[in-house]
Amino acid sequence: MKTLVLLIIIWPLIGFIINGLFGKWTKNYAGVIAASALGLSFLSAVYPIWQVILGNIYDYVYFMWMPFGKFNIPFGLRIDSLSAVMLFVVTFVSWMIHIYSNGYMKGDPGYARYFTYLNLFVFSMLLLILGDNYLLMFVGWEGVGLCSYLLIGFWYDKKTASDAGEKAFVVNRIGDAGFIIGVLFILLNFHSVTYADVFPFVHQVLTPQTATIIGLALFLGAMGKSAQFPLYIWLTDAMEGPTPVSSLIHAATMVTAGVYMVARSNAIYDLSPIAMEVVASVGAFTAFYAATMALTHKDIKRILAYSTLSQLGYMFIGVGVGVYWAGIFHLMTHAFFKGLLFLGAGAVMHSMRGLLSTDLMGGLRKKMPQTAILMVIASLAIGGIPPFAGFFSKDAILAGALEMGHPIIWIVGEITAFMTAFYMFRFVFSVFYGEEKVPNLYHELHTHEAPKVMTIPMWVLGVLSIIGGWVGLHFSGEIPIEAFIARTAPTLEVAGEAHYSEALLMGISVCMGLLGIFTAWVIYIKKWITAQSVANTFKPIYTLLANTYYVDEFVYFFIVKPFWWVSEYFLWKIVDVKIIDAGVDLFGWISKRIGWLFRTLQTGFVSHYAYWVSIGVMLLTTWYLIRII
Amino acid sequence: MNQLHFPILSSLVFIPIVGAILVSLIDSKKEGAIRWVTLVVLLLDFVVSLPLFFYFNSSTYQMQFVEKVPWISSLGMNYYLGIDGISLFLVLLTTFLAPIAQLSTWSGITHKTKEFNIVLLLLQTGMLGVFVSLDIFLFYVFWEFQLIPMYLMIGIWGGPNRVFATMKFFLYTFFGSVFMLVALMALYFLHHTYYHEYTFNMITLMSQPLPANLQFWLFIAFALAFAIKVPMWPFHTWLPWAHVEAPTAGSVILASVLLKMGTYGFLRFNLPMFAYMTHQFVDIILIISLIGIFYGAFVAMVQPDIKKLVAYSSVSHLGYSMLGMFALTTIGIEGSIMQMINHGISTGALFLIVGVVYERMHTRIISEYGGLASLVPIFSVFFMIFTLSSIAVPGTNGFIGEFMVLFGTFESHKLFAIIAAFGGLFAAVYMLTMFKRVVFLKPLNPKLLKLTDFNLREWIYMVPLVVFVFWIGIYPNTFLSKMHASVSHLVEQTKVVNTSPSTNGKVSFDNNKPIIKKSALKG
């Protein structure tokens, strides 16, 4: 068993090494190798996951990574119910996307390189979720960040792509500093960072203040990785990468790492109401804020990116109010439907030769019927319409928020649900329905349905987007997914928990979703109201949204620019060159001058020396005389 | 204690000199022969140094492989060599990097090849001597000795501004050394005053403390000499000059080994000998280190020249090393030593990388590059690995050092560690921006098109560095386990804040009184 668990993470590593070292030779088989590695990884994971469902927990230490004497940090892997859910999502979705990529990336000159990075990504991601301590999680954490950097900038000769990659890495580093600070506090307080040594003793060791500090520091990390306000700015630029990457890394797996981390640290967060409040509020704000930006965008990938931000916000509401299982549940269903949405967007791009604007599309369902159906399924799932997957998880989060006493967050969540359904169906209607907007464009581009290697993984995710949420149904008095995740991350216990009629809450949620779809239908299918007239009526708001609140511009002109300017023109050219270094030179110059002074005294003429000697004698005599007197 | 019963340290130190004599006998036109002989000598030196690692007893802090021969007995001078867990890896780093640095010069140095190789060998002797000397006089001799070959290396084989740069390097370091010499002499005589014994023995001097007011001046003098060498902010301005002008091998050795003499000096002199003053100075040095971390990063960010950028990044990296050291915790000091080793490997490697393209393009200006990934993919992969190591991505060596430094600092000074944790952000900014502009984007400069990728020689000297990047990153225990005993002992030594000489009660000093006291000075 110990070997089997290790094998889960080893397979992608092997794929990485093969394609990394021998990419020149594996060229056309790189995709097959990488996808097989993932398949094997998934198969290795099945049995351990099954055993965990039956009630086992695995925690194996393979070697001592950093032995510091008093503090020892092992290299260990742990599978419990929380990591089992993640493990399933990551290995399975990654596998599907690897298969899809075989078709999508065909013919790219960097084919082998692409799969090298992708395998390395999965390896890091698995390390992140299976590591049995915070520091190993951090290794995975930075590892996925690195792969994200490499894959966003995959087409490195494009300046925008390279810039976006760098931006992602740097913004993430802000969060990483927070993560590290959290780890430092944990290590100092518990003398260990291993989960098994930390969580059972949280109550004995931590004061609420320390728990708050740790919670906030870790959450700073989560904000970076899971792109929460204000550290979200890298995620939309991350769309520069290949679309399957956006699907796998920037929707299904990596960006959810922050949610996983907060759920994993539930014992610490439970102790700090302040930290939880912050998590939930930031989540709610991001959910709403990002959804507003998705309303006006015309770039299909960016719409999905903002939607991801918004959905991540929901997950943080879930873990922030203490209903950890709901957050993780939504993470899982989101991986299915958002993964699918991106793959669908990829299929559209594939057949549209990389075009992204909704202005150029319309009526695509005739050309790409399968993709169209799948996109509708995924949109229904994200829109929260039963019995699709997203309905159950989103409802669990919102009901949880209300029951835990956060009515405002609940209201924000419901409004966001309306916007979500609206912008998703705006997307679907304007891309797949209606008429072709640019005559003959499809003919010229030879627009056609994606090949099977791409549609099959999409269908698999499509099925999961429907049935994936059913584990959230009531079965014999309990919700299976709740019971399962709560083994590791039990729901926060609050005194005086409010109870609401479940049916009523569900009804409201469904209404919000339907209302959103209806609005989109009115505007984009029936055109009773045109989008243009709405935009004109709310001109200032529309401009603000269309320019995404000018946040990027703000950051550039008020943070990045001044910072470089100060570094270059003040620190370097003035402080370093004109003050410190010039000071050193001045010191040297003075010494040289003094030397010169003495050197000029050495004239070589005896008379001059005699002159100086006599002056000296006179001075000495005078001094003696003064002293005697 | 010498477990080998063989003067292995002397062999290490003097093999390069023998090599230098050998090389001097070769006809200067036979460049190939000169290079091969030098390389073989340096490799031999490396092989000879390996038993140090395998026979090292990691359970004791005592000096090992000791050789002690009276030199000038009446003055208490001995030829006294030995290493412990602190110097072990610095010695190994030196012997490991020398052949690599030498290999990098085979096509770069074509003028006065013979002299260059002789200078390189002499430099090796000087550096090793510094790390193995346990007699402070001997230490000083080696310390000054290695200045000369480095001075020549920059001054003869350097870039257009080499003379100014080398003078600056020499005078600045020498300025520091003068203070050290005065302090060494003072230490020697004061020791006699209080303990009635003339000795240059480093171990004895460590164990017998001096009054606080004297410690103050001695600490300052030593600290000045070492801070210039490290270099700590604001004594760093010679470094960019020296790096930019030095030939590749010079930069590699300068960054990887020479700078470590400064940090090593702090560990050997300031911490154990002036433990009381060390505690008084902790805050000041931690603040200066923090300034160094951020200042180095900010200034590195805007450099147009790759070498200058890496030079300023050294200021930042060694800031971490100093931070961990003056946290005065076991993990902090071990982290500090790890950071020294890591900096030696990663920064050395980055200079080699710059050297590779410089030889082909004759420019180090970032804006003249771009798009190397598509032109020289193997070069780019290596460059990427060293870049990641430099910005301390987990899995590489850089992370281990930085995390240990942060945690070690956190144990004793929380706020400093928290601030320092954000330093990694700026490291990512300057390294990745440079990497992007050099390796990514489109190759706009037509001259770049004729670039060739690594040749066999470059492969050979780059691969070992990559091995260590990952070895230390994944299994640091190989290294940590050997330094543990010595570092723990050092931490014990710094806890002794006793300032009254134990055998003689002439001067009594109250720890609570002000540090500088004129009456005590006269005492």
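Modeller: Axes here are lines fitted to C-alpha atoms, for helices over the stretch in contact, and angles run from 0 to 180 degrees between N-to-C directions. The model is a predicted one. In chain A, helix H4 (residues 111-130) and helix H5 (residues 134-152) have axes that come within 7 Å and cross at roughly 155°. Angles over 145 degrees count as roughly antiparallel, and H4(A) and H5(A) are therefore roughly antiparallel to each other. Their crossing is left-handed.

On the H4(A) side, the residues that meet H5(A) are Tyr117(A), Leu120(A), Phe121(A), Ser124(A), Met125(A), Leu127(A) and Leu128(A). Among their partners in H5(A) are Gly140(A), Trp141(A), Gly143(A) and Cys147(A). By class, this contact has 14 nonpolar residues, 3 polar and no charged.

Chain B has a pair to set beside this one. H14(B) and H17(B) pack at an angle of about 155°, with their axes 7 Å apart, and are therefore roughly antiparallel to each other. The crossing of H14(B) and H17(B) is also left-handed. The residues that meet include Glu334(B), Gln339(B) and Asn342(B) in H14(B), and Asn397(B), Glu402(B) and Glu411(B) in H17(B). The contact of H14(B) with H17(B) divides into 8 nonpolar, 11 polar and 3 charged residues.

Both H14(B) and H17(B) also supply at least two residues each to the side of chain B that touches chain A. Across that interface, 41 residues of chain B are in contact with 37 residues of chain A. H19(B) gives the most to the chain B side, with 7 residues. That side has 29 nonpolar, 9 polar and 3 charged residues.

H7(B) is another of the helices that supply residues to the side touching chain A, and the buried residues of H6(B) pack against H7(B), as well as against H4, H10 and H11 of chain B. Those buried residues of H6(B) are Pro149(B), Met150(B), Leu152(B), Met153(B), Ile154(B) and Trp157(B).

Strand S1 (residues 58-67) and S2(A) run antiparallel and are joined by 8 bridges, with Asp59(A) opposite Arg78(A). The two strands form a hairpin with 4 residues between them, and Gly69(A) in the turn has a positive phi of about 85°.

Conventions
Residues numbered from 1 in each chain as written. Chains lettered and ligands numbered in written order. Predicted model: local features only at pLDDT ≥ 70, side-chain atom pairs only at ≥ 80, totals over all residues. Contact = placed C-beta atoms within 7 Å. Nonpolar A, V, L, I, M, F, W, Y, C, P; charged D, E, K, R; others polar. Buried ≥ 20, exposed ≤ 12 C-beta atoms within 10 Å, placed from the backbone. Parallel < 35°, antiparallel > 145°, perpendicular 65-115°, else oblique. Left-handed = near helix turned anticlockwise from the far one by under 90°. Pairing = 2+ DSSP bridges.
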